[in-house]
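User: Hi! I have a protein model open and would like to learn how to read it. Could we go through it with some questions and answers?

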Amino acid sequence: MSSPDIASIMDNSRELDRLRKDQEEVLVEINKLHKKLQAAPEVVEKPGDSSLSRLKSLYIQAKDLSEREVVISNSLVSKLDTFLPSGAPGQQRRKMDGSDQKRRRMKSDSDISRLSPSMRSHIEACLSLKDEQVAARVTSDAEKDEWFVVKVINFDEKTKEFEVLDEEPGDDEEGGVQKKYKLPASCIIPFPKRHDPSGTQEFPAGRNVLAVYPGTTALYKATVISTPRKRKSDEYLLEFDDDEEDGALPQRTVPFHKVVPLPDGHRQ
């Protein structure tokens, strides 16, 4: 395993730690609001009270953090699988007898019924993406990764794969016919919720992101020039890589709900 590979895995691990700390902080705030509403439920009827909208925002934030944790966790698993041997050298396999198979089935059933809260949260987050548009890496070769906007049709809990539909394929792709893909969770990035800009992570100026290029359903690497908060709008001001016009990079506006974190090791 090379140093860059180790560094990438460690970056993912640190990102997971940060996400879990953020989740804990959000959970603390949710519990505070729960106690407040349980103690004085009539407070929501007071003019100007924002308890319920605040609670909704916290739940959406918790869901977004959980979905991001799914993406990072699957990325880590994928990277580790690349370097782990499929079996110990010289290890001999033996045929399982009936009792072995029974114990294996019992253990599997027990594992499923006793999923950790974190794993249950991951699966629920994936299932909740059904019928939603997401960013998906549908092709990957030695030179570049291609990301498109697709619609989630189904999530298979056993294989941990998404079935997605490219609703607007390019004209040069099989006559423009809609195409389905089966992709691992590591190839899926959920978009922010368009109706909740306040509960969405904002990328600071200078940050590299993956964003939908205006007028298309393709995502490309871009640099944040100005944030929605600074612009007092729902749009980022971005500069897309390789988007040069007359020797300069034009600045383009993109809705916040079409901008996602740049995946580790992205190639364009």
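User: Which residue in E7 stands opposite Phe 148?

Analyst: Good place to start, and keep in mind that this is a predicted model. E2 and strand E7 (residues 218–226) pair in the antiparallel sense, over two bridges. Across from Phe 148, the residue in E7 is Ala 218.

User: How many bridges join E6 to E7?

Analyst: E6 covers residues 208–212 and runs antiparallel to E7. One example of facing residues is Val 209, which stands opposite Ala 222 in E7. The number of bridges joining E6 to E7 is five.

User: In the hairpin of E6 and E7, which residue takes a positive phi?

Analyst: Look at the stretch that joins the two strands: the hairpin has five residues between them. The one with a positive phi, near 80°, is Gly 215.

User: Which residue in E8 stands opposite Thr 223?

Analyst: E7 is also joined to strand E8 (residues 235–240), and four bridges link these antiparallel strands. Opposite Thr 223, you will find Glu 239.

User: Now for the rings. How are Phe 155 and Phe 162 arranged: stacked, tilted or edge-to-face?

Analyst: The model has four aromatic pairs, and Phe 155 with Phe 162 is one of them. Their centres are 4.7 Å apart, with 50° between the planes. Stacked needs under 30 degrees and edge-to-face needs over 60, with the rest called tilted. For Phe 155 and Phe 162, the arrangement is therefore tilted.

User: Is Phe 162 buried or exposed?

Analyst: The cut-off for buried is under 20% relative accessible area. Phe 155 has 7% relative accessibility, so Phe 155 counts as buried. Phe 162 has a relative accessible area of 1%, so the word for Phe 162 is buried.

User: And why is the pair of Tyr 213 and Phe 240 called edge-to-face?

Analyst: This pair links distant parts of the chain, with Tyr 213 in the loop between E6 and E7 and Phe 240 in strand E8, 27 residues apart. Phe 240 is buried, with a relative accessible area of 1%. The ring centres of Tyr 213 and Phe 240 are 5.0 Å apart, and the pair is edge-to-face because the planes meet at 65°.

User: Is Glu 67 buried or exposed?

Analyst: Glu 67 is found in helix H2. Leaving aside neighbours within four places in sequence, Glu 67 is in contact with Ala 125, Ser 128, Leu 129, Pro 190 and Lys 193. Its relative accessibility is 3%, so Glu 67 counts as buried.

User: How far is the side chain of Ser 73 from the backbone oxygen of Glu 69?

Analyst: Ser 73 is also placed in helix H2, and at 15% relative accessibility it counts as buried. Beyond four places in sequence, Ser 73 touches Leu 16 and His 122. From the backbone oxygen of Glu 69 to a polar atom of the Ser 73 side chain, the distance is 2.8 Å.

User: One last one: how far apart in space are Pro 192 and Val 134?

Analyst: Pro 192 is in the loop between strand E5 and E6, and it counts as buried at 16% relative accessibility. In sequence, Pro 192 and Val 134 are 58 residues apart. In space, C-alpha to C-alpha, they are apart by 9.2 Å.

Note on methods
Residues numbered from 1 in each chain as written. Predicted model: local features only at pLDDT ≥ 70, side-chain atom pairs only at ≥ 80, totals over all residues. Heavy atoms only, no water. Buried < 20%, exposed > 50% of the residue type's maximum accessible area, 1.4 Å probe, protein only. Polar contact = N/O pair within 3.5 Å; in protein donor to acceptor, adjacent residues only side chain to side chain. Contact = heavy atoms within 4.5 Å. Pairing = 2+ DSSP bridges. Phe/Tyr/Trp six-rings, centres within 6.5 Å; stacked < 30°, edge-to-face > 60°.
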